[in-house]
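The following exercises concern one protein model with its ligands. Each task is followed by a solution in steps.

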Amino acid sequence: MEKGKDRPEPAEGRQFSESGGKDSRVAYSLENINRCKCSQCPVQADSQCAQDKLKSSEQKIKSMPAGEVPPPEDVPGIYCSTGKATCQDLDPGRQCICGTCDVWKEYNLKEGDPNNHFCHHGRAP
Ligand code: SF4
Ligand code: SF4
């Protein structure tokens, strides 16, 4: 498992619940993971690391008790909640599609800075 500098906060310091993390505006929840558009984003399209994590995280979610979620470093998305991507082979020069996402709309992420490319800039403030 990767444990790079860009890894999100330690798991024990975060709340993986509907109420969201103490330090995260966007809840790290299964509902939000399922609404996230990052899996369809051009920035990740050619990332083998992200594609592999996508497949394995989908398998993990299926095999987990209902409503439970894998640790953030295993999920290649919802970066607005968890912060920068752990995969190093993304292409942040391509267009971010967060603006099409219902999470982005619900949490009014447009108003923040950063308000896009959370995989590159870090989580929403
Ligand atoms: S706003 Fe972006 S990072 Fe956050 S859940 Fe939506 S697509 Fe994913
Ligand atoms: S945060 Fe934006 S740029 Fe990054 S993968 Fe998600 S949709 Fe694409």
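Residues are numbered from 1 along each chain as its sequence is written, while chains are lettered from A and ligands numbered from 1 in the order in which they are written.

**Exercise 1.** Determine over which residues pLDDT stays under 50.

Solution. Step one: pLDDT is the predictor's confidence in each residue, from 0 to 100. The protein averages 87, and 82% of the residues score at least 70. Step two: the stretch under 50 is residues 1-21. For this stretch the model has 31 contacts beyond four places in sequence, a contact being two C-beta atoms, placed from the backbone, within 7 Å. Step three: where pLDDT is low, the predicted coordinates should not be read in detail.

**Exercise 2.** State how many helices and strands the protein has.

Solution. Step one: helices (H or I, at least four residues) and strands (E, at least two) are DSSP runs, numbered from the N terminus. Step two: the count is six helices and zero strands, giving the pattern α-α-α-α-α-α along the sequence. Step three: of contacts between residues at least 6 apart in sequence, 66% join residues at least 24 apart.

**Exercise 3.** Describe the shell around ligand 2 by its residues and their classes.

Solution. Step one: a residue is near a molecule if its C-beta atom, placed from the backbone, lies within 6 Å of it. Step two: there are 13 residues around ligand 2, of which Cys38, Cys41, Val43, Cys96 and Cys119 come nearest. Step three: helices H2 (42-45) and H6 (118-121) each supply at least two residues of this shell. Step four: by class, the shell holds nine nonpolar (Ala, Val, Leu, Ile, Met, Phe, Trp, Tyr, Cys, Pro), three polar (the others, Gly among them) and one charged (Asp, Glu, Lys, Arg) residues.

**Exercise 4.** Which residues does the cis peptide bond join, and is Asn108 buried or exposed?

Solution. Step one: most residues other than glycine have a negative phi, and most peptide bonds are trans. Step two: the cis bond joins Asp113 and Pro114, with omega about 10°; Pro114 lies in the loop between H5 (102-106) and H6. Step three: Asn108, in the loop between H5 and H6, has a positive phi of about 55°. Asn108 is exposed (12 or fewer other C-beta atoms, placed from the backbone, within 10 Å), having 11.

Note on methods:
This is a predicted model: local features need pLDDT of at least 70, side-chain atom pairs count only at pLDDT 80 or more; totals for chains, interfaces and linings use all residues. A residue is buried if 20 or more other C-beta atoms lie within 10 Å of its own, exposed if 12 or fewer, and partly exposed in between; C-beta atoms are placed from the backbone.
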